[in-house]
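Dear colleague,

Please find the structure handed over below, followed by an account of what was found in it.

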Amino acid sequence: MEGIENLIKELAYPRDIAIFSHRNPDGDALGSTMALKLYFEKMGHTAQIIFPSEFPSIYSFLPKTDDVVIFDFEKERSIDIIEHAEMMFFLDFSSLDRIDKIGELIIDKKVTKVHIDHHIDPEPIANYVLSDTTSSSTSELVFEFLSMIDGNKEMDIDIAKCLMTGLITDTGSFRYSTTSKTFEVASKLMKYDLDLNFIQNKIHNSLSEKQIRILGHALNKRLEIIPEFYTGIITLTRKDYQDFDIQRGDTEGLVNYILMMNNIKLAALITEQPTIVKLSLRSKGDISVQKLARDNFKGGGHKNAAGGHAYAKLESVVNKFKSILPFYIRT
Ligand code: 5GP
Ligand code: MN
């Protein structure tokens with residue numbers, strides 16, 4: 001990180017720090033921001049996390065999740081924190097549109113801004129940047145950042161638990177996006193006596209009956225396979241959302257099931273939301289869903305995991321998605 005000596009100097013005194021991450025926060029968003037908050041608090045700073053929208057309740061096993069401020073629910077309080085912040089940290093997102101309205105509130109603020117992220121095409125939104133698209137997760141980068149700040153002096157079991165959660169969720173339990181560094185960081189985190197079984201059960205074996213039934217319905221009734229393009233699409237309609245009482249977070253991980261088929265290289269979950277149609281995309285190997293999402297659905301992400309959205313009817317979005325497949329998949 002360029003200029004880190006100056007940042008270290010700024011952190012030598014107690015600061016009011018605001019930490020932001022993207023809408024629909026996942027395990028890496030929550031793990032990386034909470035780790036940074038806990039670490040800063042141990043250093044003597046005041047640190048608060050603001051997310052545009054709610055995080056899945058499965059992550060409530062992490063420490064201090066009640067302290068997280070959700071902009072959707074607490075606008076006044078969010079604005080107050082933003083007004084008083086002397087430093088802002090942007091974690092696990094590459095462009096300001098990923099934090100919705102918060103983006104407009106912070107863009108002109110003349111405070112120290114720090115960007116830590118692993119998404120492709122980062123926007124210039126900060127004075128200090130630690131951006132590495134080869135990194136498994138923002139949590140991995142936060143570990144590196146803290147080691148640069150003070151050699152991980154304040155690391156403890158709670159902070160390690162948060163970072164491990166980010167590592168596990170963004171790598172699918174170390175199945176993809178890993179480098180030797182990922183395992184080095186994981187190894188260092190394990191030195192804090194983490195109960196990995198407990199963490200894994202919280203993350204992967206915590207679905208409700210409703211979520212399992214949504215999964216069954218989606219795979220049985222809503223999955224379409226397009227064999228010539230090695231593609232599988234799950235489409236969830238507004239009626240599905242009503243019939244199964246699907247809430248935000250209930251469809252988390254659904255798209256990954258499509259990729260479990262051996263002849264599938266591209267997976268899409270296309271959902272009809274109140275105002276938009278959202279696409280959640282996954283791929284194997286050389287197919288870049290990041291490009292597909294960026295070029296066609298105002299989105300982005302990573303090569304093998306990306307998302308986007310469209311303001312159009314569900315059916316027309318699905319048709320558009322099918323029509324562009326020949327441009328992204330060699331047959
Ligand atoms: P998911 O499918 O789990 O929602 O998201 C997968 C990846 O794509 C994540 O890294 C996420 O940050 C990114 N992503 C999801 N939706 C969007 C979007 O609308 N815009 C951008 N730029 N990235 C997205
Ligand atoms: Mn991430």
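D97 lies in the loop between strand β4 (87-91) and helix α4 (102-106); helices (H or I, at least four residues) and strands (E, at least two) are DSSP runs, numbered from the N terminus. With a relative accessible area of 46%, D97 is partly exposed; here buried means under 20% relative accessible area, exposed over 50%, and partly exposed in between (1.4 Å probe, protein chains only). Its C-alpha is 8.9 Å from that of H22, although D97 and H22 are 75 residues apart in sequence.

This is a predicted model, in which local features need pLDDT of at least 70 and side-chain atom pairs count only at pLDDT 80 or more, whereas totals for chains, interfaces and linings use all residues. Residues are numbered from 1 along each chain as its sequence is written, chains are lettered from A and ligands numbered from 1 in the order in which they are written, and side-chain values use heavy atoms, with hydrogens and water left out.

Distant parts of the chain are linked by the pair D28, in helix α2 (residues 27-43), and D170, in helix α6 (residues 157-170), which are 142 residues apart. Both D28 and D170 are buried.

Helix α13 (residues 314-328) has 15 residues and spans 21 Å from its first C-alpha to its last, close to the 21 Å expected at 1.5 Å a residue; the expected span is 1.5 Å times one less than the number of residues. Its buried residues are L314, V317, V318, F321, I324 and L325. These pack against β7 (223-226), β8 (231-236), β9 (266-272), β10 (277-283), α12 (289-296) and β12 (305-310), where contact means heavy atoms within 4.5 Å.

The second largest pocket has a volume of about 210 Å³. A pocket, on a 1 Å grid over the protein atoms alone, is an open set of points where a 1.4 Å probe fits, with protein on both sides within 12 Å along at least five of seven lines; lining residues have an atom within 4 Å of a point. Grid points are joined across faces, edges and corners, and the volume is the space filled by probe spheres set on the points. The lining consists of K265, K284, G285, D286, I287, P326, F327, Y328, I329 and R330.

Individual residues

T65 is found in the loop between β2 (46-51) and β3 (69-70). T65 is buried, with a relative accessible area of 9%, and, leaving aside residues up to four places away in sequence, touches L30, M34, F55, Y59 and S60.

L196 belongs to helix α8 (residues 196-204) and counts as partly exposed at 29% relative accessibility. L196 and K161 are 35 residues apart in sequence and 8.8 Å apart, C-alpha to C-alpha.

Two residues other than glycine have a positive phi: N152, at about 60°, and F174, near 65°. N152 lies in the loop between α5 (138-150) and α6 and is buried, at 10% relative accessible area. F174 is placed in the loop between α6 and α7 (180-190) and counts as partly exposed at 21%.

Yours sincerely
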